[in-house]
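Please look through the sequence and the model below before reading on, and keep both in view while you follow the paragraphs.

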Amino acid sequence: QSGYELFDRFFVGAQVRLTNREYIRKRFLLIQLATEAGKNLLKPQKQSAVYVEPSFLWEVGDDWKYRFAAMSANTGSTSGNTKDLRSDPELQVSLGMSPPFSYGKLEVSLDYRSLNYGENRPQERLGLGALYGFGAMYIMGGIDSNGISGGTYYTIETINAGVLYSSTRMLGEEKDYYTQTVYVQLGWQI
């Protein structure tokens, strides 16, 4: 991915993604695995994709640092099984601001994007997020119509580490079913 400041506080960029996936995404009863019809239920599906995703970012204001960004996501070509694992092209939009803060840095954003391509109403694609940084520590949180997330992130020179918790409602389920996930990151920048 790369970006370029076209003119004062207006940036353009593009991201190229190549993916090769092998996955199993099926719902079945365990007893079906013992039948002739169920012998291929755990056979991995394959999918390859090439995405070229253009974007832009426009910053305005000196004190509050308002931002408007948009990206054309999942724009490209996909081969293999595309009905079980969707990645439809979509326009993602984000509004953000960084209000003046006495201690540390606060960033707030409102995003419009699809997280799992099962949202039926436009308001289900809205997500509100915040990031507060103080020194080497960052605290983040987010909420949307299908879940919440929160965590902390630390960075010291070239080393970074973080933990994020997420609870997300799975769409298309007959009952409310939530996945509870903890993400751990440990990194080194070169």
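**The pocket and its lining**

Strand E8 gives six residues to the lining of the largest pocket, and this is the largest share of that lining. A strand here is a DSSP run of E with at least two residues, a helix is a run of H or I with at least four, and both are numbered from the N terminus. The model is a predicted one, in which local features need pLDDT of at least 70 and side-chain atom pairs count only at pLDDT 80 or more, while totals for chains, interfaces and linings use all residues. Residues are numbered from 1 along each chain as its sequence is written, and side-chain values use heavy atoms, with hydrogens and water left out.

Rolling a probe the size of a water molecule over the atoms shows where empty space is left. On a 1 Å grid over the protein atoms alone, a pocket is an open set of points where a 1.4 Å probe fits, with protein on both sides within 12 Å along at least five of seven lines, and lining residues have an atom within 4 Å of a point. The largest pocket has a volume of about 850 Å³, where a volume is the space filled by probe spheres set on the grid points, which are joined across faces, edges and corners. Its lining consists of 34 residues, and those nearest the centre of the pocket are Asp111, Arg113, Gly141, Gly142 and Ser149. At least two lining residues come from each of E7 (105-112), E8 (126-134), E9 (137-144), E10 (147-156), E11 and E12. By type, the lining of the largest pocket holds twelve nonpolar, 14 polar and eight charged residues; Ala, Val, Leu, Ile, Met, Phe, Trp, Tyr, Cys and Pro count as nonpolar, Asp, Glu, Lys and Arg as charged, and the others, Gly among them, as polar.

**The chain as a whole**

What secondary structure does the protein chain have? The chain comes to zero helices and twelve strands. Its C-alpha atoms fill a box of roughly 65 × 40 × 30 Å, taken along the principal axes. Of its 190 residues, 19% count as buried, a word that means under 20% relative accessible area, whereas exposed means over 50% and partly exposed lies in between (1.4 Å probe, protein chains only).

**Strand E6 and its neighbours**

Two strands pair if DSSP finds at least two bridges between them. E6 pairs with E4 (residues 66-73) in the antiparallel sense over seven bridges, and Arg67 stands opposite Gly96 in E6. E6 and E7 also run antiparallel, joined by five bridges, and Met97 has Val108 in E7 as its bridge partner.

**Aromatic rings**

A pair of aromatic rings is described by the distance of the centres and the angle of the planes. Rings of Phe, Tyr and Trp (its six-membered ring) pair if their centres lie within 6.5 Å, and planes under 30 degrees apart count as stacked, over 60 as edge-to-face and the rest as tilted. By this rule there are six aromatic pairs. One of them, formed by Phe10 and Phe56, is stacked, with 5.6 Å from centre to centre and 25 degrees between the planes. Phe10 lies in E2 (residues 10-23) and Phe56 in E3 (residues 45-60), so this pair ties together parts that are 46 residues apart in sequence. Phe10 counts as buried at 17% relative accessibility, whereas Phe56 counts as partly exposed at 28%. Phe101 and Tyr132 form an edge-to-face pair, with 5.6 Å from centre to centre and 65 degrees between the planes. This pair links distant parts of the chain, 31 residues apart, with Phe101 in the loop between E6 (90-97) and E7, and Tyr132 in E8.

**Residues in loops**

Most residues other than glycine have a negative phi. Asn74, in the loop between E4 and E5 (76-80), has a positive phi near 60 degrees, and at 8% relative accessibility Asn74 counts as buried. Glu157, in the loop between E10 and E11, has a positive phi of about 50 degrees, but Glu157 is exposed, with a relative accessible area of 75%.
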